[in-house]
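Let's take a walk through this protein and look at how its charged side chains pair up. Keep the picture open as you read.

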Amino acid sequence: GVCGAVVDVLVYGSELVFFFLMIRRPPRSTLFPYTTLFRSIIFLKNRNLNMLTTAVIGAGHLGKIHLKILKNSDFTNLIGFYDINEEVSTLVSQELDIKAFDNIEELLMSCDVIDIVTPTQSHYEIAKQSIKLSKHVFIEKPITSTLEQSKELVKLAEKYNVKIQVGHVERYNPAFIRAAKFISNPLFIETHRLALFNPRGTDV
C-alpha cells in the first residue's frame, strides 16, 4: 500500500543516496560517515559534477524498487537494466518506460555504476566482472554466497580503485535510527518475523 511505498523510498532510497555520496566524496576511513539523507541529497545536487550513469541487473521484486528510485533520482542517470528472463524484461521495460538491455556485456560497457539485484548465487560473478571493468558496484544483501567470495571482491575493488556497497537497508530504517540512542550494551536480543512467509529470497 501507500505506507509500504513510502518505506521503500525512505529505506532503499537512503541506501542508494549514501552509495553515490560515497563515490563522490570518499570517506577518510573504511567506515562511511552516515549523514542525514537530506544533507546527502543536497550535497549531490549542489556539486558541479558530471552525472554518473547507472544500470541495474535484475528486475524482480527488489529490482523494480531500485529501478523506480533511480529513475526518479537527481543524483544519477539511469540508462537501463538487464534481466535474464526475457518476459520479465519486456514487462518491466513497458511498465516503467526504461530500456531493457539484451545482454550484460552491452550494459556493462554503457555505464559507470552497476546495481546488482539478482539471486545471491550470481552476485560474485556479476560483481567481479563489473569491478574488472572499473565499475562502482552496489550489491543487494547478502553480498555473496561465501565469505571467501566477499573478501575477493574487496581485494578486487581496492585493485581497480572502485567502490562497493552492500544493501543492508535496515540501518536506514527510521525505527532503528530512533531506537539506537537508547541501546548501549544489549545483553539479549529477540526477533520475530511478523510478515507471512514469502518464498522469494529463500536462497539466502
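A salt bridge here means a side-chain nitrogen of Lys or Arg within 4 Å of a carboxyl oxygen of Asp or Glu. Side chains of opposite charge can pair when their charged atoms come close. Search the whole structure and you'll find three salt bridges.

You're looking at a predicted model, where local features need pLDDT of at least 70 and side-chain atom pairs count only at pLDDT 80 or more, while totals for chains, interfaces and linings use all residues. Residues are counted from 1 along each chain as its sequence is written, and side-chain values use heavy atoms, leaving out hydrogens and water.

Start with Glu95 and Lys64, whose side chains meet at 2.9 Å, N to O. Glu95 sits in helix α4 (residues 86-96) and Lys64 in helix α3 (residues 61-71), so this pair ties together parts that are 31 residues apart in sequence. Helices are DSSP runs of H or I, at least four residues, numbered from the N terminus. Glu95 is partly exposed, at 48% relative accessible area, and Lys64 is partly exposed too, at 23%. (Buried is under 20%, exposed is over 50%, and partly exposed is in between, using a 1.4 Å probe and protein chains only.)

Next, find helix α6 (residues 123-131), where Lys128 and Glu125 are three residues apart, or about one helical turn. Their closest N and O atoms are 3.7 Å apart, and Glu125 is partly exposed at 45%.

Finally, Glu140 pairs with Lys141 at 3.8 Å between the closest N and O atoms. Glu140 is buried, at 2%, whereas Lys141 is partly exposed, at 35%.

Key: Helix = DSSP H or I, 4+ residues; strand = E, 2+ residues; numbered from the N terminus.
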